[in-house]
Amino acid sequence: MDPYTPRARPSTRKKKLTLSAKEFSKEPSFIAETSFVRAPLNSRVSSVSAAPKSKGKAKQHDSLDRVPLEIQEALILEDLLYVLMGIEGTYVTFHPDYSPEDDDPLQGIRFVVASSLDTSLRDLVERILPLGMYYTAISSFIELRSHLDFGLVNHALCAAIREMLKDYQTLLSQLEHAFNTSPDFSLQKLWFYVHPTIHTLSLIYQLVLELGTADDSPNDLSSDESPSTSDAEEEARNEALGLGGAKLKAVLSEINKGDMDVTGGSGIPVKGGEVITIIYERMQNMSGDPTANTLYHTLLQSAGKPYVAMLRVWITTGRLYDPYEELLLKESKFIDRGILAVDYTDDYWEKRYTLRDGSSLGSNKRQQTGVPPPRTVSGRLPGGACVPPLLEGWKHKILLAGKYLNVIRECGIEITQDRIFGDDLSMDDEKFYKVLEDAYSYANRTLLQLLLRNQQLIPRLRSLKRYFFLSQSSFLTHFLDLSTAELRKPSKSVSITKLQSLLDLALNTDASGEDILFREDVKVTMSESGLYEFLLKIVSVNGVIGGEDGEHEGGHGHEEPKKERERDDKKVLSANDALALDYSVKFPLSLVISRKTILRYQLLFRFLLHLKHVEQSLSSMWIEQKTTPWRRPLPEHQDFNRWRLRVCLLRARMLSFVQQILAFTTFEVLEPNWRALELKLDKVTTVDQLLRDHVDFLDTCLKECMLTSSKLLKV
């Protein structure tokens with residue numbers, strides 16, 4: 001079969017569709033249309049091909065001097081219907097100084113009326129003209145703030161304003177219909193209908209103007225910034241990452257300058273909590289105006305919906321969903337719970353989730369690291385760092401509620417409390433704050449129950465007291481007897497595995513009752529420095545831990561650091577002085593028994609162990625002094641007899657002193673403070689209070705054991 005070959009189509013149709021150049025020039029093009037909707041008002045939109053109007057020259061039009069008053073009113077009415085939509089008319093035109101390229105669109109377009117208009121009509125027209133400026137400014141604001149960079153709150157605000165403009169546009173369509181159909185429609189009737197709208201749009205225009213001008217100008221910001229205000233920690237991190245070069249900094253500054261031209265001097269646009277704050281402050285300042293109060297209240301409710309929705313997710317699930325950084329909270333994602341195994345600063349609990357304004361519950365001082373500088377004009381913190389005034393007193397409970405739930409969720413426990421939060425709540429509703437209180441109480445109660453009951457926090461703390469504070473120290477005596485030979489070696493030559501097996505043997509020998517609990521979590525470790533040298537380093541850097549009045553050794557510790565380091569390296573540390581215990585716990589108990597608290601337990605244990613070791617050494621010396629060489633009288637050597645007597649008396653006094661210190665430490669410091677801690681734990685109501693009470697207990701024990709005074713440590 002022959003292959004099919006399609007026939008060529010005749011070109012008659014193509015000839016019919018061909019237009020001459022003259023006909024093509026007459027054919028209207030869709031490019032000249034600013035909108036694909038052919039509304040009646042679009043007939044006056046200037047085409048692209050039209051010559052641009054030069055700045056400062058008004059469009060030429062016929063004079064109204066000899067036109068009858070009725071015709072003047074009809075012409076002006078037609079122009080006003082265009083002007084109210086932001087379109088230039090024939091006799092009502094743009095201001096001579098208006099330039100689309102130079103003027104700020106958020107200021108609106110100013111209109112002027114022809115000078116030849118009758119004075120009786122001019123006054124009424126000039127009262128109506130601000131509506132055109134308000135409408136153009138509000139429309140420009142909606143178009144600009146609908147961009148993704150401005151966040152969900154701005155989007156919700158623009159949607160609410162757009163709904164209000166729909167009512168305004170409906171009114172204009174009704175007025176246009178009346179103008180086209182009713183012969184009685186006059187300028188007075190137009191004023192009667194639009195008069196209430198002028199006040200409403202002026203309120204929206206003032207809000208839009210404040211939101212648009214709240215950003216700092218780049219010039220103001222650059223003049224305020226100085227090298228002294230830069231963050232030292234951030235500079236060190238940039239140097240480590242290779243971002244500290246002068247050329248690279250210059251490039252980054254140019255990029256930031258370009259960003260500031262778009263989003264304001266701070267680099268952070270007006271969004272999130274700052275938008276809600278501005279609306280709320282305007283509502284409070286104009287509370288005497290019922291129209292303004294109702295309008296701003298409606299906008300506050302609409303703009304606050306996404307903010308409340310993000311808060312709802314946070315306080316009900318512990319998840320922070322804030323894609324545009326609008327919320328008063330922020331998350332440091334590089335800090336996870338794995339850091340708890342090696343972290344001595346509690347960064348997971350303190351810095352994983354924080355408030356953007358830098359405030360903390362424990363202290364009145366604000367952290368400056370990571371907090372953006374306030375606006376130059378208003379003094380408010382920018383963006384999400386600005387906490388809405390309605391939430392100022394609740395911000396700490398909001399933070400803690402989500403933090404507690406986040407811990408519970410990471411433990412694999414399902415959280416179900418969505419029923420407590422309604423869908424129609426707003427920030428100015430009393431039910432909203434009742435819901436916040438209920439969510440905080442639920443999260444706090446659930447985590448406390450998880451720690452105290454499910455995770456057995458109290459038995460854990462009792463085991464720490466038993467092993468580190470030597471409340472029942474028979475296991476330690478047995479362990480020291482078994483490991484005497486090993487502990488005489490230098491710390492770097494000791495076998496940790498052998499010591500661990502001896503400790504397990506000592507713990508399992510006489511274990512009964514509560515002694516059996518958690519003994520497998522106790523581990524042997526060797527410190528790299530002596531106890532008192534380590535404490536002196538801490539005191540020399542941070543001052544006196546716990547604080548003695550007027551005493552601070554901050555500058556003394558840095559006089560000869562190299563010599564001290566060389567002296568420490570030459571000194572051989574014995575295993576008896578380096579021996580310490582460690583304790584391993586899993587999440588979420590690691591929040592309470594963190595590395596920071598275990599370090600305090602280790603310092604107290606090493607102090608007690610040192611006292612025990614000295615007591616044991618002095619007691620063994622007494623056994624040696626009971627032997628014949630020490631007891632045999634030597635009449636011909638009276639000085640030697642007196643020397644032996646002085647040695648025995650010194651040993652007895654030293655033993656008595658060490659025993660008194662040991663008794664004071666255990667019975668006067670550790671035991672009373674432990675009883676006080678138990679009473680506090682019985683009455684504890686929040687997890688943060690539990691954490692503070694535990695750390696305060698350990699700090700008090702260190703201070704009362706005289707381990708925080710540099711004068712005593714240097715003796």
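Residues are numbered from 1 along each chain as its sequence is written, and side-chain values use heavy atoms, with hydrogens and water left out. Because the model is predicted, local features need pLDDT of at least 70 and side-chain atom pairs count only at pLDDT 80 or more, while totals for chains, interfaces and linings use all residues.

**Exercise 1. Describe helix α14 and the setting of lysine 395.**

Step 1. Lysine 395 lies in helix α14, residues 395-410. Helices (H or I, at least four residues) and strands (E, at least two) are DSSP runs, numbered from the N terminus.

Step 2. Check the helix length. α14 has 16 residues and spans 23 Å from its first C-alpha to its last, close to the 22 Å expected at 1.5 Å a residue. The expected span is 1.5 Å times one less than the number of residues.

Step 3. Check the cover. Buried means under 20% relative accessible area, exposed over 50%, and partly exposed in between (1.4 Å probe, protein chains only). In α14, 13 of the 16 residues are buried, so the helix is largely enclosed by the rest of the structure. Lysine 395 counts as buried because its relative accessibility is 4%.

Step 4. Find its partner. The side chain of lysine 395 meets that of glutamate 392 in a salt bridge, at 2.8 Å from N to O. A salt bridge is a side-chain nitrogen of Lys or Arg within 4 Å of a carboxyl oxygen of Asp or Glu. Glutamate 392 is partly exposed, since its relative accessibility is 36%.

Step 5. Look further along the chain. Serine 360 is 35 residues from lysine 395 in sequence, and their C-alpha atoms are 9.8 Å apart. Just after α14, glycine 412 has a positive phi of about 85°.

**Exercise 2. Describe helix α16 in the same way.**

Step 1. α16 covers residues 457-468, which makes 12 residues. Its end-to-end C-alpha distance is 16 Å, close to the expected 16 Å.

Step 2. Of the 12 residues, 9 are buried, and the helix is mostly covered. Among the buried ones are Leu457, Leu461, Leu464 and Phe468.

Step 3. Just after α16, leucine 470 takes a positive phi of about 55°.

**Exercise 3. Is arginine 644 buried or exposed, and what does the residue touch?**

Step 1. Arginine 644 is in helix α25, residues 638-683. Its relative accessible area is 7%, so arginine 644 is buried.

Step 2. Contact means heavy atoms within 4.5 Å. Leaving out residues up to four places away in sequence, arginine 644 touches Pro629, Trp630, Arg631, Arg632, Pro633 and Leu634.

**Exercise 4. Describe the pairing and faces of strand β5.**

Step 1. β5 covers residues 522-526. Val522, Val524 and Met526 form its covered face, Lys523 and Thr525 its uncovered one.

Step 2. Two strands pair if DSSP finds at least two bridges between them. Here 5 bridges join β5 to β6 (residues 579-583), and the strands run antiparallel. Threonine 525 has alanine 580 as its bridge partner in β6.
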